[in-house]
Amino acid sequence: MILRANCKINLGLDILRRRADGYHDLETVMLPVRGLFDEVEVTRRKAPGAGFRAEGLAVDCAPEENLCLRAFRLMHERYGVDGVDIRLDKRVPFGAGLGGGSSDATAVVLALDELFALRLPEQELIACAAALGSDTAFFVRNVPQFCTGRGEIMSPVSLGLQGLWLAIVKPAEGVSTREAYAGVTPRVPEVPLLERLRRPVGEWQGLVTNDFEPSVFAARPAIRAAKDALLAAGALYASMSGSGSAFFGFFDDPQKAAALRTPYLFPME
């Protein structure tokens, strides 16, 4: 079976505190971007184990460390699934904060659940995905969610972005999640994120913020040019997604985004 493993963006990202387990408590709204996706194909085979083939964009990790194979190993250990071939056609930029690898991993979990007729309840699928990363659980539901904890505690949210256009810009430089967290200073904002998001999109700039931006801009000043370009082109709101280095902006007219020459321009549903 073939799944479209779409990416996501973060509307606001507040890093609240560091936890005893080494993770951070955060608050963010994750929004699926269905027009930008990897293709993940999972098929059964007679031989045990998992075969893996990657196409498209080259990923900066060894094949055996790819999240698709980590997802298979987890499902094999928990439920005994065995004997599959996995093909990944990578299209979502990595090192971008778009959650492409997390989406791929969750796609494998969902495919194995169906191929082996496990019929796992949603909460168990979420638990499996969450064991693979902090934003993997989001892709089980794959609809706008307010995410807390380390990203795995979710509740639905309505945003009212219909009629707008989403542009994504990916600088040449990438940012590792480890690097981004190393420079962040946790804080609890005076006004909760959901309250700030209730304001019109045109009022979000400076209010709906990503706590990774200051440290990433300090370490890699050239990356900030992507955000500046979005705002200069007329974006109603622009921000870094996740831990970067991709930026996104909302436009009320797609022609305004033409100067960006980005291939990633999508209508909001």
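Modeller: Start with Ser245, which sits in the loop between strand E8 (237-240) and strand E9 (247-251). Keep in mind that this is a predicted model.

Biologist: What joins Gly244 and Ser245?

Modeller: A cis peptide bond, with omega at about 15°.

Biologist: OK, pockets. What volume does the largest pocket have?

Modeller: About 1,400 Å³. Its lining is made up of 48 residues, and those nearest the centre are Leu67, Ser102, Asp135, Thr177 and Ser243.

Biologist: Which elements give two or more residues to that lining?

Modeller: Strands E1 (2-18), E2 (24-44) and E4 (84-90) do, along with helices H1 (67-79), H2 (100-115) and H5 (177-182).

Biologist: And how does the lining of the largest pocket split by class?

Modeller: There are 18 nonpolar, 20 polar and ten charged residues in the lining of the largest pocket.

Biologist: What about the second largest pocket, what volume there?

Modeller: About 340 Å³. It is lined by 16 residues, and Leu31, Pro32, Arg34, Met268 and Glu269 are the closest to its centre.

Biologist: Which element gives the most to that lining?

Modeller: E2, with five residues. Strand E10 (264-267) also supplies at least two. By class, the second largest pocket's lining has ten nonpolar, four polar and two charged residues.

Biologist: Back to H2. Is H2 mostly covered or mostly open?

Modeller: Mostly covered, since twelve of the 16 residues in H2 are buried, where buried means under 20% relative accessible area. Among the buried ones are Gly100, Ser102, Asp104, Val108 and Leu112.

Biologist: What do the buried residues of H2 pack against?

Modeller: They pack against E1, E2, H1 and E4, and also against helix H3 (122-130) and helix H4 (138-141).

Biologist: How far apart are the end C-alpha atoms of H2?

Modeller: They are 22 Å apart. At 1.5 Å a residue, the 16 residues of H2 should span 22 Å, so the two values agree.

Biologist: And which residue with a positive phi follows H2?

Modeller: Ala117, in the loop between H2 and H3. Its phi is near 50°, and Ala117 is a residue other than glycine.

Biologist: Where is Arg261 found?

Modeller: In the loop between E9 and E10. Arg261 also has a positive phi near 50°. At 74% relative accessible area Arg261 is over the 50% cut-off, so it is exposed.

Biologist: New topic. How do strands E5 and E6 run?

Modeller: Antiparallel, with four bridges joining E5 (residues 145-148) to E6 (residues 153-156). Thr148 stands opposite Ile153 in E6.

Biologist: How many residues are between E5 and E6?

Modeller: Four, and the two strands form a hairpin. In the turn, Gly149 has a positive phi of about 65°.

Biologist: Last one. Where is Arg224 found?

Modeller: In helix H8 (residues 224-232). Arg224 has a relative accessible area of 43%, so it is partly exposed.

Biologist: How far apart are Arg224 and Glu124 in space?

Modeller: They are 39 Å apart, C-alpha to C-alpha, and 100 residues apart in sequence.

Note on methods:
Residues numbered from 1 in each chain as written. Predicted model: local features only at pLDDT ≥ 70, side-chain atom pairs only at ≥ 80, totals over all residues. Heavy atoms only, no water. 1 Å grid on protein atoms, 1.4 Å probe; cavity = no way out; pocket = protein on both sides within 12 Å on 5 of 7 lines; lining within 4 Å. Points joined across faces, edges and corners; volume = space filled by probe spheres on them. Nonpolar A, V, L, I, M, F, W, Y, C, P; charged D, E, K, R; others polar. Expected span 1.5 Å × (residues − 1). Buried < 20%, exposed > 50% of the residue type's maximum accessible area, 1.4 Å probe, protein only. Contact = heavy atoms within 4.5 Å. Pairing = 2+ DSSP bridges.
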